[in-house]
Every structure is written in structure tokens, then in C-alpha cells.
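Here's a quick briefing to read with the model open beside you. Take a look at the structure, then work through the points below.

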Amino acid sequence: IQIAADVGIKKYGNDAVFLFFRAYGILMEDRIQEAIRELEVVREKQDVSLCTTMALIYAHKKCSAPGKHIFQPMQPKVAQLAEHRSSTGTALWPTMFLPNMMPS
């Protein structure tokens, strides 16, 4: 994922979708803190705000000692973003998170 995202970033500049995918790839490699830093960069971008917020929640839950103070402000944000989501964000989040949330 990261290689494809890096190719997209080189070709199209710092596009939020490619930045999200690069951060998501880092997250899937369990490089949690690095992924959180990368996700924070694109958190407010409209096209990826929903999937980025969900990825941040997922990342914080994967941390060894997540604090509830981190989740509480994010979860209402997910509902708000879902109401005002863009078509790009709507398409991205289920394809990325549903396979990883299924029991093995």
C-alpha cells in the first residue's frame, strides 16, 4: 500500500487520499505512533476525514495503553462526518477497515 501511495504522491503531489493510504499502510505494519502522526496531517481534509478519524480511533485502540480521553472526542466526530461525508471518504473507509475488524 505504501509503495503505491508513494507513487501517487510523487505523481499528484500531496493528495490527501494518497497520504491517507500511506499512513494506513504504516498502521497495518503496526508502526502505530508513526501512523498516528501521518494521519493527523490529513485529519481535516474533507475527502478523507471520515476514514482518517476511524483510522485514528483504530490506531489508538491498538496502542498498549490507550486513554479514553482520546476516544471520547473522536467518536461523536465519526457520526458527524458520516452525515456530511464526501463520496471519496464514503468509498474508502469500508474497504480499508472491515477486513481488519473481522474476527480471524
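**How the helices pack**

Helix 2 and helix 3 run roughly antiparallel to each other (an angle over 145 degrees; under 35 would be roughly parallel, 65 to 115 roughly perpendicular and the rest oblique). Helices here are DSSP runs of H or I with at least four residues, strands are runs of E with at least two, and both are numbered from the N terminus. Keep in mind that this is a predicted model, where local features need pLDDT of at least 70 and side-chain atom pairs count only at pLDDT 80 or more, while totals for chains, interfaces and linings use all residues. Residues are numbered from 1 along each chain as its sequence is written, and side-chain values use heavy atoms, leaving out hydrogens and water.

**The whole protein**

- You'll find 6 helices and 0 strands in the protein.
- Of the 104 residues, 41% are buried (under 20% relative accessible area with a 1.4 Å probe, protein chains only; exposed is over 50%, and partly exposed is in between).
- Take the contacts (heavy atoms within 4.5 Å) between residues at least 6 apart in sequence: 56% of them join residues at least 24 apart.

**Helix 2 meets helix 3**

- The axes of helix 2 and helix 3 (residues 32–42) come within 8 Å and cross at roughly 165°; axes are lines fitted to C-alpha atoms over the stretch in contact, with angles from 0 to 180 degrees between N-to-C directions.
- On the helix 2 side, the contact is made by Ala16, Leu19, Phe20, Arg22, Ala23, Ile26 and Leu27.
- Helix 3 brings Ile32, Glu34, Ala35, Glu38, Leu39 and Val42 to that contact.
- Sorted by type, the contact residues are 10 nonpolar, no polar and 3 charged (Ala, Val, Leu, Ile, Met, Phe, Trp, Tyr, Cys and Pro count as nonpolar, Asp, Glu, Lys and Arg as charged, and the others, Gly among them, as polar).

- Ile32, Ala35, Ile36, Leu39 and Val42 are the buried residues of helix 3.
- Down the axis of helix 3, those buried residues fall within an arc of 125° (using directions from the axis to the C-beta atoms), so they line one face.
- They pack against helix 2 and helix 4 (49–62).
- The face turned away from the buried side of helix 3 carries exposed Arg37 and Val41.

**Helix 1**

- Gln2, Ala5, Gly8 and Ile9 are buried in helix 1 (residues 2–12).
- Those buried residues fall within an arc of 120° seen down the axis of helix 1, so they line one face of the helix.
- The buried residues of helix 1 pack against helix 2 (16–28).
- Just after helix 1, Gly13 has a positive phi of about 80°.
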